[in-house]
Amino acid sequence: MRILPTTLAMLIASCPAFAQNNEPITDQIIVKYRANNPMMLTESSPSNGIAQLQQVTDADITYIRTSANNTHILKVADQDKLQTVIEQLNQNPAIEYAEPDRIMWPTATPNDPEFSKQWHYSSSVSGINLPKAWDVTTGGADVVVAVIDTGILPDHPDLMNNLLPGYDFIKNAEAARDGNARDSDATDEGDWLIAGQCGQNYPPRDRNSSWHGTHVAGTIAAEGNNGQGGTGVAWSASILPVRVLGACGGYTSDITDGMRWAAGLQVAGVPANPYPAKVLNLSLGGKGACGYTYQQAINDVRAKGAAVIVAAGNSNQDVSGFTPGSCQGVISVASNNKEGNRAFYSNYGAKVDVTAPGGGRSGGILSSYNSGLRQAEHHTYDYSMGTSMAAPHIAGIAALMYSLDTSLTPDQVEQYITETSREFPAGSSCNTSNCGTGIADTFAALQRVKGIIPTPKPNPQPGTLDCSNIPQWAASSVYQAGEQAQQNGIAYQANWWTQSQSPAENSTNWAVWSKLGQCK
């Protein structure tokens, strides 16, 4: 463990990532009261407030705990009443908001280990142009990347030398499978499931442990040049394991607490994190648009200077209907396959910022793994596919960028990665309307950090763009880098954060907006 010097059909059927319609959404609610309200719940004496809520909602409600941002977590015994309870709570003038404490799931599962090369790093068609970048930097131990996931197997030989002490944020001891609730041991205890274990007949059949966090961590920072296994994108960076996903996924409230802690923010009842992360990787997600709890957590960690990298999701749907991939301020990553097309499972849409290799039917992503079907057994290497595999490529690129310039802001990280991305190959099913600005290019992003401005990408010929999914520009809207809008029949893409700046008036080379072309 690292201490810083400063102190496929069967595959799809068995995987939570590929949009099972019967995934349990949640049985918990996040509630925030208005300041100094007399109905305010307290963890020391919640009974009076709960009694009032039960009267108002006519539901069996249990108080679970306080949470970050002065919120409270409640459990509703009858999940069929959950939405009604939320609606009733939001009508209460004492309550600022109530929203589902949605359950998030990992977004990948193992594939067959039939491929021997990490094509996703070097392929000129579909890779991230990485080997050339290693001549510039392989990262640095002082750059910390938080893997907010299922935990990590700390004695995996390709990870152990790059690991920092992490934390387990799973509040439910049964889901954590470690005999207790939150603790300082972020070891992955396995997320295997028995058919129907999570309620609502999910999963439909028994499922083996995914060792998801270990695979994600290997793509980001598996130790390089050590004569074994694979290599991570930033193979000299430090990994901070933050365990938030256990059996039956993980609650939004646990995940957002883990995000805050990872960035160095205080979380009640948890010791301070001595190794704040510059990059947060969230290879997880769930259905529903971005809520208050996620957005506030993202805003807060970005204010601490941490870039947030998120998997777009594996449901082959518009990412706008998924969290946290649709939240403002994240780098939302879609997945391309070995041919440079959008992977068959990858979410898409205007909120996607960039694309990275996630694998497909013709080849997966090789990384660190374990042979155990339930509990950990032998450390191995295996292939997985999903936007969970795409996101850590971007997290690794961000770590390399920070190793060159620690003063970069999250906005700059997003801007440099998106504006230096490589065009999709000719004939690709990916385009700038559904897969972001292009396939990430590591070397070009590092050159951009060093002040070398890339040659602007050629615009499409006029009248060739399908703008049916591109919204009209609105002066009141906030646009993040990579988001698109149309004005006067012409499509544009924002180069960085902007508001009230007309695309038609701010679309010269390397200005606020780039012109994509005339709509059909």
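Modeller: Buried means under 20% relative accessible area, exposed over 50%, and partly exposed in between, with a 1.4 Å probe and protein chains only. The model is predicted, so local features need pLDDT of at least 70 and side-chain atom pairs pLDDT 80 or more, while totals for chains, interfaces and linings use all residues. Residues are numbered from 1 along each chain as its sequence is written, and side-chain values use heavy atoms, leaving out hydrogens and water.

Colleague: What makes Cys435 count as buried?

Modeller: Its relative accessibility is 0%. The limit is under 20%, so Cys435 is buried.

Colleague: Why is the disulfide of Cys198 and Cys248 given the hand it has?

Modeller: The torsion about its S-S bond is about -95°, so the disulfide is left-handed. The pair links distant parts of the chain, 50 residues apart. Cys198 lies in the loop between helix H5 (173-176) and H6, and Cys248 in the loop between S9 and strand S10 (250-251). S to S is 2.0 Å. Both cysteines are buried.

Colleague: What makes Cys467 and Cys519 a disulfide?

Modeller: Their sulfur atoms are 2.0 Å apart. That is within the cut-off, so the pair counts. Cys467 sits in the loop between H11 and strand S19 (478-479), and Cys519 in the segment after strand S23 (513-518), 52 residues apart. Both Cys467 and Cys519 are buried.

Colleague: Which strands form the open sheet, and in what order?

Modeller: There are 7, in the order S8-S9-S7-S11-S13-S15-S16, with parallel pairing. Strand S8 (167-168) and strand S16 (354-357) are at the edges, each with a single partner strand, so one side of each has no neighbour in the sheet. Strands (E, at least two residues) and helices (H or I, at least four) are DSSP runs, numbered from the N terminus.

Colleague: How do you know that strand S13 and strand S15 pair?

Modeller: Two strands pair if DSSP finds at least two bridges between them. Strand S13 (residues 307-311) and strand S15 (residues 331-336) have 3 bridges, so they pair. Ala311 stands opposite Val333 in S15. Helix H6 (residues 212-221) packs on the sheet, touching strand S7 (144-149), strand S9 (238-243) and strand S11 (279-282).

Colleague: Why is H7 called what it is relative to H8?

Modeller: Helix H7 (residues 252-262) and H8 pack at about 5°, with axes 9 Å apart. Angles under 35 degrees count as roughly parallel, over 145 as roughly antiparallel, 65 to 115 as roughly perpendicular and the rest as oblique. That makes H7 roughly parallel to H8. The axes are lines fitted to C-alpha atoms, for helices over the stretch in contact, and angles run from 0 to 180 degrees between N-to-C directions. Ile255 and Met259 are among the H7 residues that meet H8.

Colleague: What makes Thr137 count as buried?

Modeller: At 11%, Thr137 is under the limit, so it is buried. Contact means heavy atoms within 4.5 Å. Leaving aside neighbours within four places in sequence, Thr137 is in contact with Leu400, Ser403, Leu404 and Leu446.

Colleague: Why is helix H10 called mostly covered?

Modeller: In helix H10 (residues 410-419), 8 of the 10 residues are buried. Among them are Val413, Tyr416 and Ile417. The cover includes helix H8 (292-303), H9 and helix H11 (442-449).

Technical notes: Disulfide = S-S within 2.5 Å.
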